[in-house]
Amino acid sequence: MPDTIHGAGIVARGVGKRYAGRSVDTLSDIDLDVPAGAFVTLLGPSGCGKSTLLRLLARLNRPTRGRIDYTGRAEHVPDCALVPQEPTLLPWKSVFDNVYLPLKLRGQSKGAARDAVFESLCATGLQDRADAYPRELSGGMKMRVSIARALVTDPDVLLMDEPFAALDELTRHRLNDDLRALYERRRPAVVFVTHSVEEAVFLSTTIVALRDGRIDWQLPVDFGPDRTDLRERKDYARVRAEVSARLRGAWTDRS
Amino acid sequence: MSDWSYLLARPPLWLRTALPTAFFAILLAIWEAVVRLGHVSPLILPTPSAVASDLWLHAGTLLWSTWNTFVVTVEAFAIGSVAGIVLAILFSRSRLLDLSVSPLMVLTQVTPTVAIAPLVLVWVGVDNVNAAILILAAIIAFFPVTANTMMGLKSVSHDLHDLFTVRRASSWQRLVLLELPAAMPYTLSGMKLAGGLALVGAVVAEFVAGSGTDAGLAWRISEAANRLNTPRMFASLFLLGLLGVGISGLLSLVQYLCLRRWHEAAIVRDR
(Lines give C-alpha, C1' and ligand atoms only; values in the text may rest on other atoms or scores of the structure.)
Protein backbone atom coordinates (compact mmCIF):
# COMPACT_ATOMS: atom_id res chain seq x y z
CA MET A 1 0.00 0.00 0.00
CA PRO A 2 1.30 3.48 -0.76
CA ASP A 3 2.28 5.72 2.19
CA THR A 4 0.30 8.60 0.69
CA ILE A 5 -2.77 8.55 -1.52
CA HIS A 6 -3.11 11.75 -3.51
CA GLY A 7 -6.42 13.04 -4.65
CA ALA A 8 -5.62 14.96 -7.82
CA GLY A 9 -5.67 14.02 -11.47
CA ILE A 10 -5.97 15.70 -14.85
CA VAL A 11 -8.80 15.76 -17.38
CA ALA A 12 -8.25 17.13 -20.89
CA ARG A 13 -11.16 17.57 -23.27
CA GLY A 14 -11.01 18.55 -26.95
CA VAL A 15 -7.56 20.06 -26.52
CA GLY A 16 -5.81 21.49 -29.56
CA LYS A 17 -2.68 23.56 -29.94
CA ARG A 18 -1.42 25.60 -32.86
CA TYR A 19 1.70 27.69 -32.33
CA ALA A 20 1.73 31.25 -33.63
CA GLY A 21 2.90 31.47 -37.23
CA ARG A 22 2.23 27.78 -37.96
CA SER A 23 -0.34 26.62 -40.52
CA VAL A 24 -1.01 23.21 -38.94
CA ASP A 25 -2.05 22.10 -35.47
CA THR A 26 0.62 20.52 -33.28
CA LEU A 27 -2.14 18.84 -31.26
CA SER A 28 -5.79 18.15 -32.15
CA ASP A 29 -8.82 16.70 -30.38
CA ILE A 30 -6.98 15.41 -27.33
CA ASP A 31 -9.25 13.73 -24.79
CA LEU A 32 -7.15 12.43 -21.95
CA ASP A 33 -7.89 11.22 -18.43
CA VAL A 34 -5.11 10.94 -15.90
CA PRO A 35 -6.89 9.69 -12.77
CA ALA A 36 -5.41 10.24 -9.31
CA GLY A 37 -2.65 7.70 -8.70
CA ALA A 38 -2.35 6.65 -12.37
CA PHE A 39 0.94 6.34 -14.25
CA VAL A 40 0.22 7.44 -17.82
CA THR A 41 2.93 7.27 -20.45
CA LEU A 42 2.79 9.34 -23.62
CA LEU A 43 4.52 7.29 -26.30
CA GLY A 44 5.27 8.09 -29.91
CA PRO A 45 7.90 9.16 -32.42
CA SER A 46 9.65 12.53 -32.37
CA GLY A 47 7.44 15.43 -33.38
CA CYS A 48 4.13 13.69 -32.59
CA GLY A 49 3.24 16.28 -29.92
CA LYS A 50 4.15 14.46 -26.68
CA SER A 51 6.20 17.28 -25.18
CA THR A 52 3.68 19.89 -26.34
CA LEU A 53 0.91 18.00 -24.56
CA LEU A 54 3.04 17.77 -21.41
CA ARG A 55 3.68 21.52 -21.49
CA LEU A 56 -0.08 22.11 -21.75
CA LEU A 57 -0.71 19.77 -18.81
CA ALA A 58 1.97 21.66 -16.83
CA ARG A 59 0.21 24.91 -17.75
CA LEU A 60 3.39 26.24 -19.30
CA ASN A 61 1.43 26.89 -22.51
CA ARG A 62 -2.26 27.48 -23.12
CA PRO A 63 -4.26 25.25 -25.44
CA THR A 64 -5.67 26.92 -28.54
CA ARG A 65 -8.87 24.88 -28.12
CA GLY A 66 -10.47 22.76 -25.42
CA ARG A 67 -9.72 22.74 -21.72
CA ILE A 68 -7.53 21.06 -19.18
CA ASP A 69 -8.67 20.70 -15.58
CA TYR A 70 -6.92 19.45 -12.50
CA THR A 71 -9.35 17.29 -10.56
CA GLY A 72 -9.33 16.79 -6.84
CA ARG A 73 -10.68 18.14 -3.59
CA ALA A 74 -12.32 21.52 -4.09
CA GLU A 75 -10.41 23.26 -1.30
CA HIS A 76 -7.06 21.90 -2.41
CA VAL A 77 -4.89 23.49 -5.11
CA PRO A 78 -3.09 20.52 -6.70
CA ASP A 79 0.67 20.57 -6.38
CA CYS A 80 2.37 19.93 -9.70
CA ALA A 81 6.05 19.04 -10.24
CA LEU A 82 8.02 18.88 -13.47
CA VAL A 83 11.07 16.78 -14.35
CA PRO A 84 12.44 18.14 -17.65
CA GLN A 85 14.52 16.22 -20.19
CA GLU A 86 17.74 17.76 -18.88
CA PRO A 87 18.27 17.76 -15.11
CA THR A 88 18.35 21.63 -15.14
CA LEU A 89 19.80 22.03 -11.69
CA LEU A 90 20.98 25.35 -10.29
CA PRO A 91 24.76 24.93 -10.76
CA TRP A 92 25.56 27.44 -8.00
CA LYS A 93 23.61 25.47 -5.39
CA SER A 94 24.54 22.24 -3.64
CA VAL A 95 22.47 19.08 -4.09
CA PHE A 96 20.71 19.82 -0.78
CA ASP A 97 19.85 23.37 -1.81
CA ASN A 98 18.63 22.25 -5.23
CA VAL A 99 16.24 19.77 -3.63
CA TYR A 100 15.21 22.38 -1.05
CA LEU A 101 14.32 24.92 -3.79
CA PRO A 102 10.58 24.07 -4.22
CA LEU A 103 10.10 24.32 -0.44
CA LYS A 104 12.00 27.62 -0.36
CA LEU A 105 9.66 28.93 -3.07
CA ARG A 106 6.81 28.05 -0.72
CA GLY A 107 8.44 30.15 1.99
CA GLN A 108 9.60 27.25 4.14
CA SER A 109 12.79 27.86 6.13
CA LYS A 110 15.80 25.59 5.60
CA GLY A 111 15.56 24.26 9.14
CA ALA A 112 11.90 23.35 8.80
CA ALA A 113 12.51 21.76 5.39
CA ARG A 114 15.54 19.69 6.45
CA ASP A 115 13.62 16.48 7.17
CA ALA A 116 11.61 16.60 3.94
CA VAL A 117 14.75 17.29 1.89
CA PHE A 118 16.66 14.41 3.51
CA GLU A 119 13.72 12.08 3.05
CA SER A 120 13.67 12.92 -0.65
CA LEU A 121 17.46 12.54 -0.89
CA CYS A 122 17.32 9.14 0.84
CA ALA A 123 14.48 7.99 -1.43
CA THR A 124 16.66 8.71 -4.47
CA GLY A 125 19.88 7.35 -2.94
CA LEU A 126 21.55 10.76 -2.67
CA GLN A 127 21.89 11.05 1.10
CA ASP A 128 25.71 10.97 0.87
CA ARG A 129 25.90 13.62 -1.85
CA ALA A 130 23.92 16.40 -0.14
CA ASP A 131 26.91 18.79 -0.09
CA ALA A 132 28.10 18.05 -3.64
CA TYR A 133 27.63 20.53 -6.46
CA PRO A 134 25.90 19.49 -9.73
CA ARG A 135 29.14 19.61 -11.73
CA GLU A 136 30.59 16.93 -9.44
CA LEU A 137 27.81 14.46 -10.32
CA SER A 138 27.32 12.00 -13.19
CA GLY A 139 24.37 12.35 -15.59
CA GLY A 140 22.40 9.68 -13.71
CA MET A 141 23.06 11.35 -10.36
CA LYS A 142 21.95 14.72 -11.70
CA MET A 143 18.71 13.17 -12.89
CA ARG A 144 18.22 11.67 -9.42
CA VAL A 145 18.58 15.17 -7.95
CA SER A 146 16.01 16.44 -10.44
CA ILE A 147 13.60 13.69 -9.36
CA ALA A 148 14.34 14.29 -5.65
CA ARG A 149 13.58 17.99 -6.20
CA ALA A 150 10.27 17.11 -7.88
CA LEU A 151 9.28 14.72 -5.08
CA VAL A 152 10.27 16.91 -2.14
CA THR A 153 6.85 18.58 -1.97
CA ASP A 154 5.12 15.19 -2.27
CA PRO A 155 3.31 16.42 -5.40
CA ASP A 156 -0.19 15.41 -6.50
CA VAL A 157 0.86 15.44 -10.15
CA LEU A 158 4.31 14.56 -11.49
CA LEU A 159 5.09 15.47 -15.11
CA MET A 160 8.22 13.93 -16.63
CA ASP A 161 9.54 14.80 -20.10
CA GLU A 162 11.85 12.01 -21.34
CA PRO A 163 13.92 12.26 -18.17
CA PHE A 164 16.12 9.23 -18.90
CA ALA A 165 16.56 9.69 -22.65
CA ALA A 166 20.19 10.79 -22.42
CA LEU A 167 21.32 8.06 -20.00
CA ASP A 168 23.02 4.72 -20.67
CA GLU A 169 20.87 1.58 -20.54
CA LEU A 170 22.13 0.33 -17.19
CA THR A 171 21.53 3.66 -15.43
CA ARG A 172 18.20 3.94 -17.17
CA HIS A 173 17.07 0.51 -15.90
CA ARG A 174 18.16 1.38 -12.38
CA LEU A 175 16.34 4.72 -12.46
CA ASN A 176 13.23 3.05 -13.89
CA ASP A 177 13.27 0.60 -10.96
CA ASP A 178 13.73 3.47 -8.49
CA LEU A 179 11.02 5.59 -10.10
CA ARG A 180 8.60 2.68 -10.03
CA ALA A 181 9.32 2.10 -6.32
CA LEU A 182 8.90 5.81 -5.51
CA TYR A 183 5.64 5.90 -7.44
CA GLU A 184 4.27 2.91 -5.56
CA ARG A 185 5.21 4.49 -2.25
CA ARG A 186 3.67 7.91 -2.92
CA ARG A 187 1.20 7.28 -5.78
CA PRO A 188 0.99 10.72 -7.41
CA ALA A 189 -0.66 11.00 -10.81
CA VAL A 190 2.25 10.68 -13.25
CA VAL A 191 2.45 11.70 -16.89
CA PHE A 192 5.66 10.34 -18.40
CA VAL A 193 6.87 11.16 -21.92
CA THR A 194 9.14 8.64 -23.62
CA HIS A 195 10.29 7.16 -26.95
CA SER A 196 11.07 3.83 -25.33
CA VAL A 197 8.54 1.00 -25.58
CA GLU A 198 10.39 -0.94 -22.89
CA GLU A 199 10.26 1.98 -20.47
CA ALA A 200 6.59 2.65 -21.21
CA VAL A 201 5.55 -0.97 -20.57
CA PHE A 202 7.66 -1.31 -17.44
CA LEU A 203 6.48 1.89 -15.76
CA SER A 204 2.91 2.58 -16.81
CA THR A 205 -0.59 1.76 -15.75
CA THR A 206 -1.77 3.21 -19.10
CA ILE A 207 0.09 3.80 -22.36
CA VAL A 208 -1.21 6.58 -24.61
CA ALA A 209 0.23 6.56 -28.13
CA LEU A 210 0.29 9.80 -30.08
CA ARG A 211 0.52 10.12 -33.84
CA ASP A 212 0.57 13.37 -35.81
CA GLY A 213 -0.72 15.36 -32.85
CA ARG A 214 -3.65 13.04 -32.07
CA ILE A 215 -4.19 10.20 -29.65
CA ASP A 216 -3.85 7.06 -31.79
CA TRP A 217 -4.64 4.41 -29.19
CA GLN A 218 -4.59 3.77 -25.44
CA LEU A 219 -3.59 0.57 -23.70
CA PRO A 220 -4.04 -0.26 -20.00
CA VAL A 221 -1.02 -2.09 -18.57
CA ASP A 222 -2.00 -4.35 -15.74
CA PHE A 223 1.13 -5.79 -14.16
CA GLY A 224 0.21 -4.79 -10.61
CA PRO A 225 2.33 -2.79 -8.20
CA ASP A 226 5.27 -5.21 -7.74
CA ARG A 227 7.36 -5.13 -10.89
CA THR A 228 10.77 -6.09 -9.51
CA ASP A 229 11.23 -9.12 -11.79
CA LEU A 230 8.92 -7.88 -14.54
CA ARG A 231 11.64 -7.69 -17.20
CA GLU A 232 12.14 -11.46 -16.99
CA ARG A 233 8.43 -12.28 -17.25
CA LYS A 234 6.83 -13.65 -20.41
CA ASP A 235 3.72 -11.46 -20.17
CA TYR A 236 6.01 -8.37 -20.12
CA ALA A 237 7.67 -9.55 -23.35
CA ARG A 238 4.23 -10.17 -24.85
CA VAL A 239 2.94 -6.65 -24.01
CA ARG A 240 6.19 -5.12 -25.28
CA ALA A 241 5.78 -6.98 -28.56
CA GLU A 242 2.16 -5.85 -28.79
CA VAL A 243 3.01 -2.19 -28.18
CA SER A 244 5.85 -2.34 -30.72
CA ALA A 245 3.56 -3.93 -33.28
CA ARG A 246 0.88 -1.30 -32.68
CA LEU A 247 3.46 1.47 -33.17
CA ARG A 248 4.89 -0.20 -36.28
CA GLY A 249 1.37 -0.51 -37.64
CA ALA A 250 0.83 3.17 -37.09
CA TRP A 251 4.03 4.05 -38.90
CA THR A 252 3.22 1.64 -41.74
CA ASP A 253 -0.20 3.22 -42.16
CA ARG A 254 1.37 6.65 -42.30
CA SER A 255 3.99 5.64 -44.83
CA MET B 1 54.22 17.09 -23.46
CA SER B 2 57.58 18.09 -21.90
CA ASP B 3 57.85 19.09 -18.21
CA TRP B 4 58.39 22.74 -19.17
CA SER B 5 55.37 22.91 -21.49
CA TYR B 6 53.26 21.21 -18.83
CA LEU B 7 54.46 23.80 -16.28
CA LEU B 8 53.57 26.62 -18.66
CA ALA B 9 50.16 25.13 -19.39
CA ARG B 10 49.29 25.06 -15.68
CA PRO B 11 51.68 27.58 -14.10
CA PRO B 12 51.91 27.44 -10.29
CA LEU B 13 51.75 30.68 -8.29
CA TRP B 14 55.56 30.95 -7.89
CA LEU B 15 56.01 30.79 -11.65
CA ARG B 16 53.25 33.29 -12.30
CA THR B 17 55.02 35.68 -9.88
CA ALA B 18 58.62 34.90 -10.84
CA LEU B 19 58.26 35.30 -14.62
CA PRO B 20 56.85 38.86 -14.74
CA THR B 21 59.14 39.92 -11.84
CA ALA B 22 62.24 38.65 -13.67
CA PHE B 23 61.11 40.27 -16.93
CA PHE B 24 60.48 43.60 -15.15
CA ALA B 25 63.88 43.44 -13.39
CA ILE B 26 65.69 42.82 -16.70
CA LEU B 27 63.77 45.68 -18.32
CA LEU B 28 64.73 48.06 -15.47
CA ALA B 29 68.40 47.01 -15.69
CA ILE B 30 68.51 47.70 -19.45
CA TRP B 31 66.70 51.01 -18.94
CA GLU B 32 69.14 52.10 -16.18
CA ALA B 33 72.15 51.14 -18.33
CA VAL B 34 70.88 52.91 -21.46
CA VAL B 35 70.32 56.21 -19.59
CA ARG B 36 73.55 56.02 -17.56
CA LEU B 37 75.58 55.33 -20.68
CA GLY B 38 74.23 58.61 -22.02
CA HIS B 39 72.18 57.29 -24.90
CA VAL B 40 69.06 59.11 -23.62
CA SER B 41 68.80 62.40 -21.71
CA PRO B 42 67.69 61.87 -18.05
CA LEU B 43 65.36 64.83 -18.55
CA ILE B 44 63.44 62.83 -21.16
CA LEU B 45 63.82 59.44 -19.52
CA PRO B 46 64.99 59.42 -15.89
CA THR B 47 66.79 56.35 -14.57
CA PRO B 48 64.73 53.87 -12.58
CA SER B 49 66.95 54.65 -9.58
CA ALA B 50 66.05 58.37 -9.89
CA VAL B 51 62.37 57.46 -10.03
CA ALA B 52 62.78 55.20 -6.99
CA SER B 53 64.61 57.96 -5.14
CA ASP B 54 61.84 60.49 -5.90
CA LEU B 55 59.26 57.94 -4.81
CA TRP B 56 61.13 57.41 -1.54
CA LEU B 57 61.66 61.11 -0.83
CA HIS B 58 58.05 62.13 -1.59
CA ALA B 59 56.36 58.95 -0.46
CA GLY B 60 53.97 60.78 1.87
CA THR B 61 52.55 63.12 -0.79
CA LEU B 62 52.44 60.48 -3.50
CA LEU B 63 50.80 57.83 -1.31
CA TRP B 64 48.22 60.37 -0.14
CA SER B 65 47.41 61.15 -3.78
CA THR B 66 47.26 57.41 -4.56
CA TRP B 67 44.81 57.00 -1.69
CA ASN B 68 42.65 59.85 -3.02
CA THR B 69 42.56 58.35 -6.51
CA PHE B 70 41.81 54.94 -5.00
CA VAL B 71 38.88 56.33 -2.95
CA VAL B 72 37.34 58.05 -6.00
CA THR B 73 37.83 54.87 -8.05
CA VAL B 74 36.16 52.68 -5.42
CA GLU B 75 33.26 55.11 -5.03
CA ALA B 76 32.78 55.38 -8.80
CA PHE B 77 33.04 51.60 -9.12
CA ALA B 78 30.43 51.07 -6.40
CA ILE B 79 28.02 53.63 -7.86
CA GLY B 80 28.60 52.33 -11.40
CA SER B 81 28.11 48.69 -10.37
CA VAL B 82 24.93 49.28 -8.37
CA ALA B 83 23.48 51.58 -11.06
CA GLY B 84 24.54 49.11 -13.76
CA ILE B 85 22.83 46.13 -12.08
CA VAL B 86 19.66 48.10 -11.25
CA LEU B 87 19.40 49.41 -14.83
CA ALA B 88 19.93 45.90 -16.24
CA ILE B 89 17.14 44.56 -14.02
CA LEU B 90 14.79 47.39 -15.06
CA PHE B 91 15.61 46.90 -18.76
CA SER B 92 15.12 43.14 -18.52
CA ARG B 93 11.71 43.72 -16.91
CA SER B 94 10.48 46.38 -19.34
CA ARG B 95 11.12 46.13 -23.07
CA LEU B 96 9.61 49.63 -23.41
CA LEU B 97 12.19 51.07 -21.03
CA ASP B 98 14.99 49.13 -22.73
CA LEU B 99 14.06 50.47 -26.17
CA SER B 100 13.57 54.03 -24.86
CA VAL B 101 16.64 54.42 -22.66
CA SER B 102 19.30 52.12 -24.16
CA PRO B 103 20.27 54.48 -27.04
CA LEU B 104 20.80 57.28 -24.50
CA MET B 105 22.98 54.96 -22.45
CA VAL B 106 25.15 54.17 -25.46
CA LEU B 107 25.44 57.91 -26.07
CA THR B 108 27.11 58.36 -22.67
CA GLN B 109 29.70 55.76 -23.70
CA VAL B 110 30.56 57.02 -27.16
CA THR B 111 30.93 60.61 -25.95
CA PRO B 112 34.48 61.09 -24.58
CA THR B 113 34.74 62.00 -20.89
CA VAL B 114 36.85 65.02 -21.74
CA ALA B 115 33.95 66.38 -23.81
CA ILE B 116 31.32 66.13 -21.08
CA ALA B 117 33.58 67.04 -18.13
CA PRO B 118 33.13 70.81 -18.45
CA LEU B 119 29.35 70.38 -18.59
CA VAL B 120 29.30 68.18 -15.46
CA LEU B 121 31.56 70.72 -13.75
CA VAL B 122 29.06 73.50 -14.55
CA TRP B 123 26.18 71.38 -13.24
CA VAL B 124 27.77 70.47 -9.90
CA GLY B 125 29.55 73.82 -9.49
CA VAL B 126 33.24 74.60 -9.87
CA ASP B 127 33.69 74.42 -6.11
CA ASN B 128 32.52 70.78 -6.23
CA VAL B 129 35.29 69.27 -8.33
CA ASN B 130 35.37 66.03 -6.30
CA ALA B 131 31.69 65.38 -7.09
CA ALA B 132 32.32 66.09 -10.79
CA ILE B 133 35.22 63.61 -10.88
CA LEU B 134 33.08 60.97 -9.15
CA ILE B 135 30.15 61.45 -11.54
CA LEU B 136 32.39 61.27 -14.61
CA ALA B 137 34.16 58.14 -13.39
CA ALA B 138 30.84 56.47 -12.52
CA ILE B 139 29.41 57.31 -15.98
CA ILE B 140 32.32 55.44 -17.57
CA ALA B 141 32.11 52.51 -15.14
CA PHE B 142 28.41 51.59 -15.22
CA PHE B 143 28.04 50.59 -18.89
CA PRO B 144 29.91 47.24 -18.94
CA VAL B 145 28.02 46.18 -15.79
CA THR B 146 24.65 46.99 -17.38
CA ALA B 147 25.48 45.40 -20.74
CA ASN B 148 26.94 42.22 -19.22
CA THR B 149 24.24 41.80 -16.57
CA MET B 150 21.54 42.21 -19.21
CA MET B 151 23.18 39.52 -21.30
CA GLY B 152 23.34 37.28 -18.22
CA LEU B 153 19.69 37.86 -17.31
CA LYS B 154 18.68 36.93 -20.87
CA SER B 155 20.83 33.78 -20.84
CA VAL B 156 18.94 31.89 -18.14
CA SER B 157 17.88 28.41 -19.32
CA HIS B 158 14.25 28.20 -20.47
CA ASP B 159 13.91 24.89 -18.61
CA LEU B 160 14.84 26.59 -15.34
CA HIS B 161 12.29 29.33 -16.06
CA ASP B 162 9.70 26.58 -16.68
CA LEU B 163 10.59 24.98 -13.37
CA PHE B 164 9.98 28.25 -11.53
CA THR B 165 6.71 28.75 -13.44
CA VAL B 166 5.39 25.29 -12.57
CA ARG B 167 6.32 25.92 -8.92
CA ARG B 168 4.45 29.23 -9.06
CA ALA B 169 7.46 31.35 -8.10
CA SER B 170 6.85 35.07 -7.64
CA SER B 171 8.62 37.60 -9.84
CA TRP B 172 10.87 38.55 -6.93
CA GLN B 173 11.79 34.90 -6.20
CA ARG B 174 12.57 34.37 -9.88
CA LEU B 175 14.85 37.42 -9.88
CA VAL B 176 16.69 36.68 -6.62
CA LEU B 177 16.90 32.88 -6.76
CA LEU B 178 17.33 32.34 -10.49
CA GLU B 179 18.11 35.29 -12.71
CA LEU B 180 20.65 37.24 -10.66
CA PRO B 181 22.72 34.18 -9.64
CA ALA B 182 22.63 32.87 -13.23
CA ALA B 183 23.77 36.28 -14.47
CA MET B 184 26.54 36.47 -11.85
CA PRO B 185 29.42 35.32 -14.12
CA TYR B 186 28.42 37.97 -16.66
CA THR B 187 27.96 40.65 -13.99
CA LEU B 188 31.34 39.88 -12.45
CA SER B 189 33.03 40.15 -15.86
CA GLY B 190 31.34 43.51 -16.32
CA MET B 191 32.47 44.60 -12.86
CA LYS B 192 36.03 43.59 -13.65
CA LEU B 193 35.95 45.86 -16.68
CA ALA B 194 34.22 48.56 -14.61
CA GLY B 195 37.05 48.49 -12.02
CA GLY B 196 39.64 49.41 -14.66
CA LEU B 197 37.35 51.92 -16.32
CA ALA B 198 36.55 53.61 -12.99
CA LEU B 199 40.28 54.19 -12.48
CA VAL B 200 40.67 55.53 -16.03
CA GLY B 201 37.59 57.70 -15.47
CA ALA B 202 38.93 59.04 -12.16
CA VAL B 203 42.26 59.99 -13.73
CA VAL B 204 40.88 61.47 -16.95
CA ALA B 205 38.23 63.42 -15.02
CA GLU B 206 40.88 64.87 -12.69
CA PHE B 207 42.99 65.91 -15.67
CA VAL B 208 40.03 67.69 -17.23
CA ALA B 209 38.14 69.00 -14.21
CA GLY B 210 41.19 69.77 -12.12
CA SER B 211 41.74 68.76 -8.55
CA GLY B 212 39.43 69.35 -5.64
CA THR B 213 40.47 69.55 -2.05
CA ASP B 214 42.21 66.15 -2.26
CA ALA B 215 44.72 65.98 -5.09
CA GLY B 216 44.87 62.60 -6.84
CA LEU B 217 47.61 61.06 -8.96
CA ALA B 218 46.45 62.79 -12.13
CA TRP B 219 47.04 66.12 -10.41
CA ARG B 220 50.55 65.00 -9.39
CA ILE B 221 51.36 63.99 -12.97
CA SER B 222 50.00 67.25 -14.32
CA GLU B 223 51.90 69.28 -11.73
CA ALA B 224 55.16 67.38 -12.40
CA ALA B 225 54.75 67.84 -16.17
CA ASN B 226 54.44 71.62 -15.73
CA ARG B 227 57.75 71.58 -13.79
CA LEU B 228 59.40 69.13 -16.18
CA ASN B 229 59.91 66.84 -13.18
CA THR B 230 60.03 63.57 -15.12
CA PRO B 231 61.11 61.35 -12.16
CA ARG B 232 57.96 62.49 -10.29
CA MET B 233 55.83 61.81 -13.37
CA PHE B 234 57.23 58.29 -13.60
CA ALA B 235 56.81 57.76 -9.85
CA SER B 236 53.14 58.81 -10.12
CA LEU B 237 52.63 56.62 -13.19
CA PHE B 238 54.22 53.70 -11.38
CA LEU B 239 51.80 54.10 -8.46
CA LEU B 240 48.90 54.46 -10.90
CA GLY B 241 49.91 51.22 -12.61
CA LEU B 242 50.27 49.50 -9.25
CA LEU B 243 46.80 50.71 -8.29
CA GLY B 244 45.34 49.41 -11.56
CA VAL B 245 46.99 46.00 -11.17
CA GLY B 246 45.84 45.84 -7.53
CA ILE B 247 42.21 46.66 -8.40
CA SER B 248 42.20 44.18 -11.28
CA GLY B 249 43.78 41.48 -9.07
CA LEU B 250 41.27 42.09 -6.29
CA LEU B 251 38.32 41.85 -8.68
CA SER B 252 39.76 38.68 -10.23
CA LEU B 253 39.99 37.20 -6.74
CA VAL B 254 36.37 38.13 -5.98
CA GLN B 255 35.32 36.60 -9.31
CA TYR B 256 37.24 33.41 -8.54
CA LEU B 257 35.83 33.13 -5.01
CA CYS B 258 32.26 33.60 -6.24
CA LEU B 259 32.50 31.12 -9.11
CA ARG B 260 35.06 28.54 -7.99
CA ARG B 261 32.56 25.88 -6.91
CA TRP B 262 30.35 25.87 -9.94
CA HIS B 263 31.31 27.87 -13.01
CA GLU B 264 33.39 26.39 -15.81
CA ALA B 265 35.48 29.57 -16.11
CA ALA B 266 36.81 29.15 -12.56
CA ILE B 267 37.33 25.38 -12.63
CA VAL B 268 40.62 23.76 -13.63
CA ARG B 269 39.98 20.32 -15.13
CA ASP B 270 42.13 17.35 -14.20
CA ARG B 271 44.25 15.99 -17.05
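Guide: About 2,100 Å² is buried between chain B and chain A, and carbon and sulfur atoms give 65% of that area. In chain B, the residues that lose the most area to chain A are B:V166, B:R167 and B:R261, together 33% of what that side buries. Keep in mind that this is a predicted model.

Visitor: Why is the area buried between chain B and chain A called buried?

Guide: Buried area is accessible area that two parts lose on being put together, summed over both. The value of about 2,100 Å² therefore covers chain B and chain A together.

Visitor: What makes B:D162 and A:R55 a salt bridge?

Guide: The cut-off is 4 Å, between a side-chain nitrogen of Lys or Arg and a carboxyl oxygen of Asp or Glu. For B:D162 and A:R55, the closest N and O atoms are 2.7 Å apart. The pair is an Asp and an Arg within the cut-off, so the name applies. Across the interface of chain B and chain A, the rule finds three salt bridges.

Visitor: Which helices of chain B each supply at least two residues of the side that touches chain A?

Guide: They are α8 (158-166) and α9 (171-209). α8(B) gives the most, with seven residues. The residues of that side of chain B divide into eleven nonpolar, three polar and five charged.

Visitor: How much area is buried between domain 1 and domain 2 of chain A?

Guide: About 980 Å², with 61% from carbon and sulfur atoms. In domain 1, A:D79, A:L182 and A:R186 lose the most area to domain 2, together 46% of what that side buries.

Visitor: How do you know that A:R106 and A:D79 form a salt bridge?

Guide: Their closest N and O atoms are 2.9 Å apart. Three salt bridges are found across the interface of domain 1 and domain 2 of chain A.

Methods: Residues are numbered from 1 along each chain as its sequence is written. Chains are lettered from A and ligands numbered from 1 in the order in which they are written. This is a predicted model: local features need pLDDT of at least 70, side-chain atom pairs count only at pLDDT 80 or more; totals for chains, interfaces and linings use all residues. Side-chain values use heavy atoms; hydrogens and water are left out. Buried area is the accessible area (1.4 Å probe) that two parts lose on being put together, summed over both. Helices (H or I, at least four residues) and strands (E, at least two) are DSSP runs, numbered from the N terminus. Ala, Val, Leu, Ile, Met, Phe, Trp, Tyr, Cys and Pro count as nonpolar, Asp, Glu, Lys and Arg as charged, and the others, Gly among them, as polar.
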